[in-house]
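Colleague: Before I look at the picture, could you take me through the terms used for it and show how each value meets its definition?

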Amino acid sequence: MKCLITGAAGFIGSHLCERLIAEGHQVHGLDNFSTGKEETLDAITNKNFSYSDVDISNTPCATYFKGVDWVFHLAAKADVVPSIERPYLYHDTNVTGTIRMLEYAKEANVKRFIYAASSSCYGIPDQYPTPETAPCKPMYPYALTKYLGEQYVLHWAKVYKLPALSLRLFNVYGPRARTSGSYGAVFGVFLSQLANKAPLTVIGDGSQSRDFTYVTDVVEAFIKSAESDISGKVINIGSGESKSINDLIKYLDHPSTITIPDRPGEPRITQADRTKAYLNLGWVPKVSFKDGVQIMKEHINDYKDAPLWSPEKIEKATESWFKYLGG
């Protein structure tokens with residue numbers, strides 16, 4: 001197939017590029033390199049791969065959609081704090097950018113449009129494991145804009161018959177997980193601290209748990225979604241298991257920790273009900289949490305130059321979080 005990937009230089013996007021190319025597909029990537037690294041795409045030397053420096057929120061993109069079979073829309077602004085501080089920028093990329101990609105896809109009559117949604121749309125769920133039918137209660141602008149983007153995807157599938165699916169991703173981790181930018185995901189924070197022999201900054205008592213899902217499993221879900229013929233649905237993509245931060249610390253084997261305050265608006269647990277993914281896509285995760293953490297430890301040197309977060313730096317970086325979300 002001829003494939004187009006937005007956010008191709010990003011963490012998940014770059015893994016998806018490599019997998020599609022390995023399977024013999026032709027791939028073109030779009031990225032403005034605001035977070036993804038151009039050298040990541042430069043390292044892909046296969047003749048079936050090319051890329052363009054494009055900002056999807058304001059650049060004419062029709063030419064990139066010509067003859068495309070599969071579109072994977074992963075480009076987005078991430079992280080909680082910047083979305084609280086600059087919500088309009090998040091709307092421009094995550095909502096307006098998504099609408100623009102949908103329109104280009106519709107006009108080009110693409111065969112599949114797969115959207116990378118976020119499980120953060122559930123907010124603080126009332127049910128675990130959390131099914132796709134659970135109420136969506138976004139707690140901050142990032143979650144809201146990703147959810148709004150998903151609603152447009154579903155609307156284009158319904159009104160314009162665009163063959164589209166939305167995958168709600170749960171806590172994706174793996175090699176090349178983003179190491180720059182604002183204070184964010186626990187793996188980037190912990191691995192930088194581990195690489196620099198600094199204490200791990202643990203929120204509260206560390207008993208809060210997350211549905212950590214390894215990146216190659218997520219890539220598999222994207223490909224199975226593209227190969228399927230279902231449309232207009234939302235599907236959770238998660239391991240179906242919830243591992244505590246204390247479990248992560250145990251597998252990292254780093255006993256030195258410092259406690260920092262609980263963050264408001266964050267669930268104690270995230271855990272996907274992945275029944276729908278199995279029934280609709282035949283998808284099941286393959287990489288265990290223990291094995292995934294071991295692979296991450298093997299890439300520890302990649303995190304030596306990542307931001308090193310101390311309690312003082314975290315307190316400064318999350319001022320807006322506590323100011324607007326309470327606590």
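Colleague: How do the residues of the lining of the second largest pocket divide into nonpolar, polar and charged?

Modeller: This is a predicted model, in which local features need pLDDT of at least 70 and side-chain atom pairs count only at pLDDT 80 or more, while totals for chains, interfaces and linings use all residues. Residues are numbered from 1 along each chain as its sequence is written, and side-chain values use heavy atoms, with hydrogens and water left out. The lining holds five nonpolar, four polar and four charged residues, where Ala, Val, Leu, Ile, Met, Phe, Trp, Tyr, Cys and Pro count as nonpolar, Asp, Glu, Lys and Arg as charged, and the others, Gly among them, as polar.

Colleague: What makes a space a pocket and not a cavity, and how much space lies in the second largest pocket?

Modeller: On a 1 Å grid over the protein atoms alone, a cavity is a set of points where a 1.4 Å probe fits but cannot get out, whereas a pocket is an open set with protein on both sides within 12 Å along at least five of seven lines, and lining residues have an atom within 4 Å of a point. The second largest pocket has about 210 Å³ of space, a volume being the space filled by probe spheres set on the points, which are joined across faces, edges and corners. Of its 13 lining residues, T35, K77, A78, P82 and Y90 are the closest to the centre.

Colleague: Why is the contact between E220 and R19 called a salt bridge?

Modeller: The definition asks for a side-chain nitrogen of Lys or Arg within 4 Å of a carboxyl oxygen of Asp or Glu, and the N to O distance here is 2.6 Å, so the pair qualifies. Because E220 lies in helix α8 (residues 215-227) and R19 in helix α1 (residues 11-22), the pair ties together parts that are 201 residues apart in sequence; helices here are DSSP runs of H or I with at least four residues, numbered from the N terminus. Both residues also belong to a network of salt bridges that links R19, E23, E220 and K224.

Colleague: How do you know whether E220 and R19 are buried or partly exposed?

Modeller: Buried means under 20% relative accessible area, exposed over 50%, and partly exposed in between, with a 1.4 Å probe and protein chains only. E220, at 14%, is therefore buried, while R19, at 26%, is partly exposed.

Definitions and conventions: Helix = DSSP H or I, 4+ residues; strand = E, 2+ residues; numbered from the N terminus.
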